Amino acid sequence: MADSKRDYYEVLGVSKSASESEIKSAYRKLAKKYHPDVNPGDAEAEKKFKEASEAYAVLSDPEKKSKYDQYGHAAFDGSMGGPGMDFSSMDFSDIFGDIFGDLFGGFGFGGGRGRSNGPMKGQNIRTSLVITFEEAAFGCEKEIELVLKDPCHTCNGSGAKPGTSKSTCTKCNGKGKVMMTQQTLFGVMQNVTTCPDCNGSGEIIKEKCSACSGTGYVSSKKRIQVSIPAGIDNGQSVRIRDKGEPGINGGPRGDLLVEVRVKPHPIFQRHDYDIFSNAPISFAQATLGGKVIYEVKAGTQTDTRIRLKGKGVPSLRNKGVRGDHYVTLIVQTPTGLNSEAKELLRQFDEKTGNTLKPGGTQVKQEKKKKGFMGKIKDVVDDL
């Protein structure tokens, strides 16, 4: 059994020459990290917490430390004829007072500070808004409806019936926290929790305000204007100051965070500040060239990509910077041709390789002599 345990110095991460304060500091860090209240339901953390507590119980006691340095774990497991070590007799109240003072901010225990009555900012509120691709690219104004809290005018936010006042909670003496003490395998354990009577406020309302049922707030629907900046992307948020939960003890309201959801577009796709799209062009436009909303060069092949510089989405940080728009051209095959158009197309084929007839090989020879673009020009001139 002794051999299965890790070295106590290794457990705490200190050397054998470590001072008493260094040992206490090392254990303090581990206890704060692995304490069951900080890691509820984590069996591995509980195991490490017990291991560290056992190591501290030995190394913090000069007499036990001396025996451990001389005999190791055998000094306490009874194998040397002694009674072994009873860890349940150890008192950790001193160090746990320090640990929980840090974890929970003091709350007046052991000389720590009490519950804060100063102004505190209210909590932020989150909501979402769906907009179109165009609205995200160019910006827009939207209106949303939310249920927001406001301080109750009847009790001025106190929650107490007009003419009455709150009283100090007798369970926690106004501290908002209570300390529970229990005996465990490793000695006395102290656990700081929120006071169940006042829910951490430190005050009790004996007669509640009828308008707000003692909450101090009333809720109502409100319409809020949201300015969506040009260039916002899917998943980004707009912050609206002072539209969140009311502050506490006169503190400012929190903020409203509106997360933007951009609907997919059937044509345009976005990557960062660049836009990508496909554009169909006719066979004639691809062959002869032309202008749609951009210049199409003669002889353009399908899947040709055109870059429209500065035609993408504007940057949120710098409105003078925009992405680009990349357009992939797709040449469409003509359908529904009348007899005259079909005949002209046959003539075109005869001039460009005679591919409609079996064994037509003229196109390979012509490519060597004049090149494909030269042949296209001859056919167009003939037509």
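**Helix contacts and cysteines in a predicted model**

A57, V58 and L59 in helix α3 meet K64, K65 and Y68 in helix α4, where contact means heavy atoms within 4.5 Å. This is a predicted model, in which local features need pLDDT of at least 70, side-chain atom pairs count only at pLDDT 80 or more, and totals for chains, interfaces and linings use all residues. Residues are numbered from 1 along each chain as its sequence is written, and side-chain values use heavy atoms, with hydrogens and water left out.

**Helices α3 and α4**
- The axes of α3 (residues 43-59) and α4 (residues 62-71) come within 6 Å and cross at roughly 105°.
- That makes α3 roughly perpendicular to α4 (65 to 115 degrees).

**Helix α8**
- Helix α8 (residues 339-351) has 13 residues and should span 18 Å, the expected span being 1.5 Å times one less than the number of residues.
- The end C-alpha atoms of α8 are 19 Å apart, which agrees.
- G353 follows α8 and has a positive phi, near 135°.

**Cysteines**
- The count is 0 disulfides (a disulfide is a pair of cysteine sulfur atoms within 2.5 Å).
- C155 is in no disulfide, and the nearest cysteine sulfur, that of C212, is 3.7 Å away.
- C155 is buried, with a relative accessible area of 8% (buried means under 20%, with a 1.4 Å probe and protein chains only).
- C172 is in no disulfide either, and the nearest cysteine sulfur, that of C198, is 3.7 Å away.
- C172 is buried, with a relative accessible area of 3%.

Note on methods. Buried < 20%, exposed > 50% of the residue type's maximum accessible area, 1.4 Å probe, protein only. Helix = DSSP H or I, 4+ residues; strand = E, 2+ residues; numbered from the N terminus. Axes fitted to C-alpha atoms, helices over the stretch in contact; angles between N-to-C directions. Parallel < 35°, antiparallel > 145°, perpendicular 65-115°, else oblique.
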